[in-house]
Amino acid sequence: MVVPSDTMAALESLPLDIIPTVDMSAPAGRGELAQRLVRACAERGFFKAVNHGVPPSVSSRLDAAAMAFFARPARVKQAAGPPDPLGYGSRNIGAHGDVGELEYLLLHTEPDAVARKAKTIDTEDPSRFSEAVNEYVDAVRRLACRVLDLLGEGLGLRDPTSLSRLISAVDSDSLLRINHYPPSRTVDGPKSGNGGVGGAKGSTAIGFGEHTDPQILSVLRANDVDGLQVLLPDGHGGDEDWVQVPADPSAFFINVGDLLQALTNGRLVSIRHRVMASTSKPRLSTIYFAAPPLHAHISALPETVTPASPRRYRPFTWEEYKKAMYALRLSHNRLDLFQAGGDVTVKGYDQ
């Protein structure tokens with residue numbers, strides 16, 4: 001079994017809020033922390049990490065560098081684009097014109113790649129920007145690896161480090177995205193159901209449309225402006241019932257991505273989420289997308305496949321998954337293409 005029966009009983013006994021908060025300092029011990037992470041990722045698909053060990057100075061230094069860039073004139077910022085897909089982009093999410101209103105920087109996390117882009121992002125002192133990015137990436141990568149190792153332990157994997165090794169590889173395809181949402185001019189927007197925690201009802205314009213993250217894990221931090229909403233996978237949210245996640249700039253929000261759902265044979269769930277734009281204050285968010293090398297083989301880990309839980313997805317590579325991702329709309333359930341025994345084709349992508 002993936003999780004022994006005594007561990008399963010312990011998981012079920014752990015309190016879990018609608019928006020689970022996990023103390024990464026492990027006050028009750030590493031075993032309990034691992035179990036809490038598994039339950040949060042299995043039942044919610046995300047959690048709020050506090051006491052995470054990332055120094056506030058690391059986050060504030062990157063925030064300052066990002067805001068300095070976004071405050072520059074449009075013609076200066078455009079010199080760092082157009083996104084290909086890396087670089088500076090504005091107002092348009094994806095080739096299909098998906099809904100969204102923001103500007104952003106998308107960077108590969110490899111230091112040499114950051115240094116090359118920094119020359120157009122901070123022309124006065126490129127090293128100032130690249131050093132802030134590299135310091136931040138190193139800190140959040142460590143956090144992501146720790147989370148994945150704990151998940152490996154909580155899932156009972158024979159090699160608990162097998163997940164973190166995928167993102168710590170030298171040729172990892174991990175990305176850093178910095179989003180800047182200007183105050184929205186739209187007063188009326190999509191309505192939610194009962195509003196859930198924090199009251200999603202009455203939100204304004206969509207800043208970034210509904211989607212799941214395709215990579216293994218996403219580590220998100222934002223300023224003190226609300227906007228993040230999640231569609232919970234366990235019945236707490238319906239088709240039109242989004243739960244607003246209250247802003248907390250001191251915490252990180254960690255999302256399960258599509259690849260982690262596939263690697264765990266659906267045990268951990270990739271959370272659907274979106275961002276609503278504020279009408280009064282700009283929102284700045286930074287997301288580290290932890291990804292494997294392009295050639296990495298993605299297949300359900302043996303411990304997650306049992307007679308009662310047969311293989312849900314066929315094996316594929318991250319490069320193959322990325323190809324499918326770019327051929328689809330933002331909100332598409334991409335894993336549908338990779339169901340075991342499936343034979344699905346999409347315009348622009350053939351299996």
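Select Glu303 first: in this predicted model, Glu303 is buried, because its relative accessible area of 13% falls under 20%. Glu303 and Arg158 form a salt bridge, with the closest N and O atoms 3.7 Å apart. Glu303 sits in the loop between strand E13 (297-298) and strand E14 (316-317), and Arg158 in the loop between H6 and helix H7 (162-168), so the pair ties together parts that are 145 residues apart in sequence. Side chains of opposite charge can pair when their charged atoms come close.

Next, select Arg61. At 35% relative accessibility, Arg61 is partly exposed. Glu131 is partly exposed, at 43%.

Another is Glu135, whose salt bridge with Arg61 has its closest N and O atoms 3.1 Å apart. Glu135 is in helix H6 and Arg61 in helix H3, so this pair joins parts 74 residues apart in sequence. Glu135 is partly exposed too, with a relative accessible area of 33%.

Then select Arg72, Asp122, Glu124 and Arg128, which are linked in a network of salt bridges. The count of salt bridges comes to 20.

Last, go to the second largest pocket, which holds about 220 Å³ of space. Of its 16 lining residues, select Thr212, Gln261, Ser270, Arg272 and Asn333, the closest to its centre. The lining divides into seven nonpolar, five polar and four charged residues.

How values were computed: Residues are numbered from 1 along each chain as its sequence is written. This is a predicted model: local features need pLDDT of at least 70, side-chain atom pairs count only at pLDDT 80 or more; totals for chains, interfaces and linings use all residues. Side-chain values use heavy atoms; hydrogens and water are left out. On a 1 Å grid over the protein atoms alone, a cavity is a set of points where a 1.4 Å probe fits but cannot get out, and a pocket is an open set with protein on both sides within 12 Å along at least five of seven lines; lining residues have an atom within 4 Å of a point. Grid points are joined across faces, edges and corners, and a volume is the space filled by probe spheres set on the points. Ala, Val, Leu, Ile, Met, Phe, Trp, Tyr, Cys and Pro count as nonpolar, Asp, Glu, Lys and Arg as charged, and the others, Gly among them, as polar. A salt bridge is a side-chain nitrogen of Lys or Arg within 4 Å of a carboxyl oxygen of Asp or Glu. Buried means under 20% relative accessible area, exposed over 50%, partly exposed in between (1.4 Å probe, protein chains only). Helices (H or I, at least four residues) and strands (E, at least two) are DSSP runs, numbered from the N terminus.
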